[in-house]
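Me: Please take a close look at one helix pair in this model and at what surrounds that pair.

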Amino acid sequence: METFAESLDTPSVVIDMDLVRANIRRFQAYADASGFKVRPHIKTHKLPLVTDMQLAAGAIGITCQKVSEAEAMVAGSPAVTDVLITYNIVGAKKLARLVALARKVRLSVVADSADVVDGLSAAFAGEASPLATLVECDTGANRCGVGAPEDAAALARKIAAAPGLVFGGLMTYPPAGGEAAVQAFMSEAKALIEADGLTVPVITSGGTPTMMRAAEAPVVTEYRPGTYVYNDRSLVMRGACGWDDCALTVLATVVSVPADDRAIIDAGSKTLTSDLFGLTGYGHVLGRDDLAIDQLSEEHGRMVSTGPTGLKVGDRLRIVPNHACVVTNMVDEVYLYSAEEPTPRAAQVVARGRIW
Ligand SMILES: Cc1ncc(COP(=O)(O)O)c(C=O)c1O
């Protein structure tokens, strides 16, 4: 009988669905026990069937980064009825698509400037239902977001007064370990906004690395983990999980052994991606701590060891990539398996390449 590894061509992205289920359940149980809601970010899996598992486990809706990602997920699953887009939507084309999407599902978005609010307001002013718009706050990541609670309150007032919009709350994407900063910023912003006579219906935070400390910021009402569903080498290296929790691996074949201490696999930057995520090397070869993937070209991955690798052409290896989310964006299909269904079945990654 064909083994699991033989049944697929390589390189292939394979997903252990038992681990996916366990990863979803673990965080949902923690959220339920701590009293906050879960709104997973779909950028990691981009698969309606995994979203369905997250919603069935208790998630209240999904997070998407782009309008086109949200469109793909809504089209892919009737269970997706509540979507938060955590991105400033700018430009007439995207705004038109946002309006169309808002007619289909319960939609909310974020904004961190008057310019973004003005664009949203112009697009939604004639709509039957106002668009829930949250203020994005920078609690230490230095990406998007207003930088001070007073600025959050000022933008909340602007949203509340804008035709076509309703103030939806506060959103942040903090750096790992940012719970105290989130608590301080959001508590102050909430108090200022309430003093203006507005309510703050949602305070949403996110991030897998310190998600099991989310309860240390009790002001947060919902949490948006993304990578937790698969995990990856970056999370193992930060101590957030173990190799046994990594549901996504890249199956690769050794295609060349030019020297005793060097071998080449058929997974290069077009599969593993060149995302180092602050690490050294491009992935972890399961069961082979001695090997380092130290160099990639598009279709070649170079593995080196301090001694003979013992590898031969045709050997198959499984690699935990540095960053799972970018790997799923590289392939049309991933292959799912579980103890119950050991033969891998293909699933189309419907929200891959959705950058608009
Ligand atoms: C706005 C936002 N929320 C949530 C997440 C999920 O983060 P993680 O994958 O660390 O769980 C991300 C990740 O990029 C994000 O940008």
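Reply: A crossing is called left-handed if the near helix is turned anticlockwise from the far one by less than a right angle, and right-handed if clockwise. By that rule, the crossing of α1 and α2 is right-handed. Helices (H or I, at least four residues) and strands (E, at least two) are DSSP runs, numbered from the N terminus. This is a predicted model: local features need pLDDT of at least 70, side-chain atom pairs count only at pLDDT 80 or more, and totals for chains, interfaces and linings use all residues. Residues are numbered from 1 along each chain as its sequence is written, and side-chain values use heavy atoms, leaving out hydrogens and water.

The axes of α1 (residues 17–34) and α2 (residues 48–57) come within 10 Å and cross at roughly 35 degrees; axes are lines fitted to C-alpha atoms, for helices over the stretch in contact, with angles from 0 to 180 degrees between N-to-C directions. Contact means heavy atoms within 4.5 Å. On the α1 side the contact involves M17, V20, R21, I24 and Q28, and on the α2 side L49, V50, M53, Q54 and A57. Seven of these residues are nonpolar, two polar and one charged. Here Ala, Val, Leu, Ile, Met, Phe, Trp, Tyr, Cys and Pro count as nonpolar, Asp, Glu, Lys and Arg as charged, and the others, Gly among them, as polar.

As for the strands, eight form an open parallel sheet in the order β2-β9-β8-β7-β6-β5-β4-β3. Its edges are β2 (37–38) and β3 (62–64), each pairing on one side only. Two strands pair if DSSP finds at least two bridges between them.
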